[in-house]
Amino acid sequence: MLYSIGEVSKKTGIAISTLRYYDKEGMFPEMERSNGGIRVFSEKELNTIRVIECLKSTGVSIKAIKEFLEWCQEGDTSLEKRQMMFHERLEEVEKQIELMQINLNILKYKCWYYDTAVAHGTEEFVKNLSDDKIPQELREYKI
């Protein structure tokens, strides 16, 4: 299936200007154009966009993403570089998820803390609770 830049923008939530930038930067080397020079996106470009957005959201710079896409054009000679890059990203994202899970649990504790304080009309009530009165799954996040 083929898509216009507007359709791709709606489908992905990425601004048309960003899609044009990606194209200008050479991130869609095989993208076709209509007779009038209008960009025509295929599933291949949509998949490339998904990879670009994944890498961007995990902290990879546009420069590094462009390098990765160049490696893809090289074919099998760059397989190990691409493999290593994705394993490094996976490790980094797993670390980020761990940290986010800790932050989520601290937020849950604080929500419980303030919900309990508001319900009792005073923060002193919560401050004076023994640890066994704090929900077990939140105890280790007590601050």
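**Salt bridges, a buried residue and a pocket**

I start with Glu25, which is partly exposed because its relative accessibility is 25%, where partly exposed is the range between buried, under 20% relative accessible area, and exposed, over 50%, using a 1.4 Å probe and protein chains only. Before going on: this is a predicted model, in which local features need pLDDT of at least 70 and side-chain atom pairs count only at pLDDT 80 or more, while totals for chains, interfaces and linings use all residues. Residues are numbered from 1 along each chain as its sequence is written, and side-chain values use heavy atoms, with hydrogens and water left out.

What does Glu25 pair with in a salt bridge? Its partner is Lys66, at 2.5 Å from N to O; a salt bridge here is a side-chain nitrogen of Lys or Arg within 4 Å of a carboxyl oxygen of Asp or Glu. Lys66 lies in helix α4 and Glu25 in the loop between α2 and β1, so the pair ties together parts 41 residues apart in sequence. Helices and strands are DSSP runs numbered from the N terminus: H or I over at least four residues for helices, E over at least two for strands. Lys66 is also partly exposed, at 24%.

Salt bridges that share partners join Asp23, Arg33 and Arg39 into one network. Arg33 meets Asp23 at 2.6 Å, N to O. Arg33 is in strand β1 (residues 32-33) and Asp23 in helix α2 (residues 16-24), so this bridge links parts ten residues apart in sequence. For Arg39 and Asp23, the closest N and O atoms are 2.7 Å apart. Arg39 sits in strand β2 (residues 39-40), so that pair ties together parts 16 residues apart in sequence. Asp23 is buried, at 13% relative accessible area, whereas Arg33 is partly exposed at 43%. By this rule the model has nine salt bridges.

Next, Asn105, in helix α5 (residues 79-120). Asn105 is buried, because its relative accessible area is 12%. Leaving aside neighbours within four places in sequence, Asn105 is in contact (heavy atoms within 4.5 Å) with Leu138 and Tyr141.

Last, the pocket lining. α3 (43-57) and α4 (62-74) each supply at least two residues to the lining of the largest pocket. A pocket is an open set of points on a 1 Å grid over the protein atoms alone, where a 1.4 Å probe fits, with protein on both sides within 12 Å along at least five of seven lines; lining residues have an atom within 4 Å of a point. Among the lining residues are Phe28, Lys44, Phe68 and Cys72.
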